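Take a look at the chain below.

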Amino acid sequence: MLFNLKLKQDLEIVFRTSNSSDELFDSFRVAIDNKFDDEDLYKILLRNKALSADEISMFAEKICKEFPDLSYNIYFCVAQLFESISSYGKYLDRSFTYYIKAAGSKPALHEPYMAIAKMYNADFNIPKFESIVNAIEDALQNVNLKSSLCFALSDLYKKINNNEKSLDYQKLGETYQRDGK
């Protein structure tokens with residue numbers, strides 16, 4: 001047990017400080033082989049600045065395959081990461097994809113859809129307005145807090161000057177809110 005704790009601490013140091021993709025990959029393999037299902041450990045790895053976008057995606061997919069219970073938090077973390085490193089909308093589509101993956105792992109939660117709605121860039125139409133709206137509208141059937149999604153849709157339609165749809169979703173959100181949903 002003490003060996004595993006020491007190994008885990010050593011891996012955390014590598015994940016936090018290494019600038020070598022090879023060293024990170026080798027350490028990741030050790031973590032997986034030792035069945036470390038610690039999302040915080042993997043989040044440190046995923047946030048390492050030495051990793052490319054493709055490497056982040058590869059690691060995230062492997063983590064979620066090996067430890068499905070971590071999927072929601074890992075996918076959500078990666079979505080936030082891509083959103084934060086996106087300049088001129090470069091990684092917003094990837095971010096959108098990972099928010100959708102997070103939502104798919106816990107369909108009742110509304111937070112991934114709220115994040116998608118907030119990241120919409122009307123100037124660049126990234127991610128595509130239709131994709132965002134379709135994802136959120138589809139989620140209305142499953143999420144636990146429907147009113148929040150309706151208000152988000154209302155705000156989205158307001159951004160593109162569709163006041164009629166904006167008002168429709170505002171009213172629907174208020175109805176759900178009165179019902180405690």
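**A walk through the chain**

Asp 93 has a relative accessibility of 45%, so it counts as partly exposed. This residue sits in helix 6. Keep in mind that the model is predicted. What does Asp 93 touch, once neighbours within four places in sequence are left aside? Its contacts are Ile 126 and Pro 127. Now look from Asp 93 to Gly 180, which is 87 residues away along the chain. The C-alpha atoms of these two residues are 32 Å apart.

Step back to the whole chain. It has 10 helices and 0 strands. Read along the sequence, the pattern is α-α-α-α-α-α-α-α-α-α. The C-alpha atoms fill a box of roughly 60 × 35 × 20 Å along the principal axes. Of the 181 residues, 45% are buried.

Ser 21 and Leu 51 are 30 residues apart along the chain, yet their C-alpha atoms are separated by 6.5 Å. Beyond its neighbours within four places in sequence, Ser 21 is in contact with Ala 50 and Glu 55. Is Ser 21 buried or partly exposed? Its relative accessibility is 25%, so Ser 21 counts as partly exposed.

Compare another serine. Ser 57 lies in helix 4, residues 53–66. Its relative accessible area is 12%. Buried means under 20%, so Ser 57 is buried. Setting aside residues up to four places away in sequence, Ser 57 touches Phe 82, Arg 94 and Tyr 98.

Next comes the nonpolar core. The largest one holds 61 residues. Which of them touch the most other members? They are Tyr 42, Ile 74 and Tyr 113. Helix 5 gives this core its largest share, 8 residues.

Aromatic rings are the next stop. A pair of rings is described by the distance of the centres and the angle of the planes. The chain has 12 aromatic pairs. Take Phe 76 and Tyr 99. Their ring centres are 5.3 Å apart and their planes stand at 75°. An angle over 60 degrees counts as edge-to-face, so this pair is edge-to-face. The pair links distant parts of the chain. Phe 76 counts as buried because its relative accessibility is 16%. Tyr 99 is buried too, at 2%. Elsewhere, Phe 25, Phe 28, Tyr 42, Phe 59 and Phe 67 form one aromatic cluster. Tyr 42 was also named among the core residues that touch the most other members.

Finish at the largest pocket. Its volume is about 160 Å³. The residues that line it include Leu 46, Arg 47, Asn 48, Lys 49 and Leu 51. Ser 52, Ala 53, Ile 56, Leu 81, Ile 85 and Tyr 91 are also part of the lining. How many lining residues fall in each class? There are 7 nonpolar, 2 polar and 2 charged residues.

Technical notes
Residues numbered from 1 in each chain as written. Predicted model: local features only at pLDDT ≥ 70, side-chain atom pairs only at ≥ 80, totals over all residues. Heavy atoms only, no water. 1 Å grid on protein atoms, 1.4 Å probe; cavity = no way out; pocket = protein on both sides within 12 Å on 5 of 7 lines; lining within 4 Å. Points joined across faces, edges and corners; volume = space filled by probe spheres on them. Nonpolar A, V, L, I, M, F, W, Y, C, P; charged D, E, K, R; others polar. Phe/Tyr/Trp six-rings, centres within 6.5 Å; stacked < 30°, edge-to-face > 60°. Helix = DSSP H or I, 4+ residues; strand = E, 2+ residues; numbered from the N terminus. Buried < 20%, exposed > 50% of the residue type's maximum accessible area, 1.4 Å probe, protein only. Contact = heavy atoms within 4.5 Å. Core = buried A, V, L, I, M, F, W, Y, C linked by side-chain atoms within 4.5 Å.
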